[in-house]
Amino acid sequence: MKKLLSLSIVLLLVCTIISAQDKKVIETEFKVFGNCGMCKNRIEKAVKMKEVKFAKWDKNSKILKIAFLSPGITVDSLQQRIAAVGHDTEKFKAPDSVYANLPECCLYRDGNKTH
Ligand SMILES: [Cu+2]
């Protein structure tokens, strides 16, 4: 009985290790539209969660570099989150109502740059 117990503990450990290895960190980058440092905070905050290991947006290139755990989350779900706080991505457009509430310096669609 004791043997069986220790065997199942070993088995459990092995399974845990295997499933931990299944989670891969994916590094990618995609375009997110925005203007300034406030945008940067908003964008990076939108994807802040434990599955995201790294997120950095560059206001000049408009590129968000991101590293996240797969299959926990997908690029689409990340882009949807960003669009939901008011920033268009390559695939998803922010709702007009959310966009309209952004501070003036963050309004990137009409091409005005106040910074
Ligand atoms: Cu801004």
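Two strands are said to pair if DSSP finds at least two bridges between them. By that criterion, this predicted model contains an open sheet of 3 strands in the order β1-β3-β2, with antiparallel pairing. Strands β1 and β2 stand at the edges, each with a single partner strand, so one side of each is left without a neighbour in the sheet. On average, and with direction ignored, neighbouring strands of this sheet are turned by 15 degrees against each other.

Strands β1 and β3 are joined in the antiparallel sense over 8 bridges, and Ile26 has Phe68 in β3 as its bridge partner. Strands β2 and β3 form a hairpin with 4 residues between them. Within that turn, Lys62 has a positive phi of about 65 degrees.

The metal site comes next. A copper ion is coordinated by the SG atoms of Cys36, Cys39 and Cys106, at 2.1 to 2.2 Å. The spacing of these donor residues in sequence is C-x2-C-x66-C. Cys36 lies in the loop between β1 (24-31) and α2 (37-46), and Cys106 in the segment after α4 (96-100), so the pair ties together parts that are 70 residues apart in sequence. Both Cys36 and Cys106 are buried.

The last feature is an aromatic contact. A pair of aromatic rings is described by the distance of the centres and the angle of the planes. The structure holds 1 aromatic pair. It is formed by Tyr99 and Tyr108, with 5.0 Å centre to centre and 80 degrees between the planes, an edge-to-face arrangement. Because buried means under 20% relative accessible area, Tyr99 counts as buried at 11%, and Tyr108 is likewise buried at 10% relative accessibility. Arg109 lies over the face of Tyr99, at 4.1 Å from the ring centre.

Methods. Residues numbered from 1 in each chain as written. Predicted model: local features only at pLDDT ≥ 70, side-chain atom pairs only at ≥ 80, totals over all residues. Heavy atoms only, no water. Donors = N, O, S within 2.8 Å, 3.2 Å for Na, K, Ca; no water. Helix = DSSP H or I, 4+ residues; strand = E, 2+ residues; numbered from the N terminus. Buried < 20%, exposed > 50% of the residue type's maximum accessible area, 1.4 Å probe, protein only. Axes fitted to C-alpha atoms, helices over the stretch in contact; angles between N-to-C directions. Phe/Tyr/Trp six-rings, centres within 6.5 Å; stacked < 30°, edge-to-face > 60°. Lys NZ or Arg CZ within 6 Å of the ring centre and 35° of its normal.
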